[in-house]
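Q: Can you walk me through this one? I'd like to start with the metal site and then look at the helices.

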Amino acid sequence: MQWDDAGHALGVAEMDDTHREFLSFVSALEQASDADFPVLFEQARMHTRKHFEREYELMKSCRFPAVREHEAEHARVLADLSHLSARVQQGSLVMARAYVKGLPDWFRGHLATMDSALAACLKAHDMAQPA
Ligand SMILES: [Fe+2]
Ligand SMILES: [Fe+2]
């Protein structure tokens, strides 16, 4: 899955930058050899943790109404990644690779709902730096 401005940009520069990076991790993981996969998976997990922490800050700054739902969804994904990371460290890549395959669909859905709503909240409060 490649970044596509028309389909993915929310018009909030820092969110768009982070999402572009997220998608490059996903596509790098999809193509990674077994030797490269574990380090890349860890980097993607750390990047995702920062991505979600930053969105939490943005939610607080614009008093995002659905903060609990959005945070719960982030927490669910981070828990999945943490569980899978343990498997990967033990040398088992199968489940993590399957999970990575599902990430583009998850991203599309999350972007269209919670992240779009957050971007709208930031714009409504004049807190969005345009991309
Ligand atoms: Fe996001
Ligand atoms: Fe999000």
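A: One term before we start: a residue is called buried when its relative accessible area is under 20%. Also, this is a predicted model.

Q: Fine. Is Asp115 buried or exposed, then?
A: Asp115 is buried, because its relative accessible area is 1%, and the cut-off is under 20%.

Q: What coordinates the iron ion (ligand 1)?
A: The iron ion (ligand 1) is held by His19 (NE2), His51 (NE2), Glu55 (OE) and Asp115 (OD), at 1.8 to 2.2 Å.

Q: Why is the arrangement around the iron ion (ligand 1) called irregular?
A: The angles subtended by its four donor atoms run from 86 to 159 degrees, so the arrangement is irregular. For tetrahedral, all angles would have to lie between 85 and 135 degrees.

Q: How are the donors of the iron ion (ligand 1) spaced along the chain?
A: The pattern is H-x31-H-x3-E-x59-D. Distant parts of the chain are linked here: His19 sits in helix 2 (residues 13–31) and Asp115 in helix 5 (residues 94–124), 96 residues apart.

Q: And His19, buried or exposed?
A: His19 counts as buried, because its relative accessibility is 0%.

Q: Now the other metal. Which residues are the protein donors of the iron ion (ligand 2)?
A: They are Glu55 (OE), His70 (NE2), His74 (NE2), His110 (NE2) and Asp115 (OD), lying 2.1 to 2.2 Å from the iron ion (ligand 2). Their spacing in sequence is E-x14-H-x3-H-x35-H-x4-D. Glu55 in helix 3 (residues 37–61) and His70 in helix 4 (residues 67–89) are 15 residues apart, a pair that links distant parts of the chain.

Q: How far apart are the iron ion (ligand 1) and the iron ion (ligand 2)?
A: The two ions are 3.6 Å apart, and Glu55 bridges them.

Q: What about accessibility for Glu55 and His70?
A: Glu55 is buried, with a relative accessible area of 2%. His70 counts as buried too, at 1% relative accessibility.

Q: Changing topic: at what angle do helix 3 and helix 5 pack?
A: The angle is about 15 degrees, and the axes are 13 Å apart. That angle makes helix 3 roughly parallel to helix 5.

Q: Is the crossing of helix 3 and helix 5 left-handed or right-handed?
A: The crossing is left-handed.

Q: Which residues meet between helix 3 and helix 5?
A: On helix 3 they include Phe41, His51, Phe52, Glu55 and Leu58. On helix 5, Val100, Trp106, His110, Asp115 and Leu118 are among them.

How values were computed: Residues are numbered from 1 along each chain as its sequence is written. Chains are lettered from A and ligands numbered from 1 in the order in which they are written. This is a predicted model: local features need pLDDT of at least 70, side-chain atom pairs count only at pLDDT 80 or more; totals for chains, interfaces and linings use all residues. Side-chain values use heavy atoms; hydrogens and water are left out. Donors are N, O and S atoms within 2.8 Å of the metal (3.2 Å for Na, K and Ca); water is not among the atoms, so sites may look incomplete. Helices (H or I, at least four residues) and strands (E, at least two) are DSSP runs, numbered from the N terminus. Buried means under 20% relative accessible area, exposed over 50%, partly exposed in between (1.4 Å probe, protein chains only). Four donors count as tetrahedral if all angles lie between 85 and 135 degrees; four count as square planar and six as octahedral if opposite donors are over 155 degrees apart and all others between 65 and 115; anything else is irregular. Axes are lines fitted to C-alpha atoms, for helices over the stretch in contact, and angles run from 0 to 180 degrees between N-to-C directions. Angles under 35 degrees count as roughly parallel, over 145 as roughly antiparallel, 65 to 115 as roughly perpendicular and the rest as oblique. A crossing is left-handed if the near helix is turned anticlockwise from the far one by less than a right angle, and right-handed if clockwise. Contact means heavy atoms within 4.5 Å.
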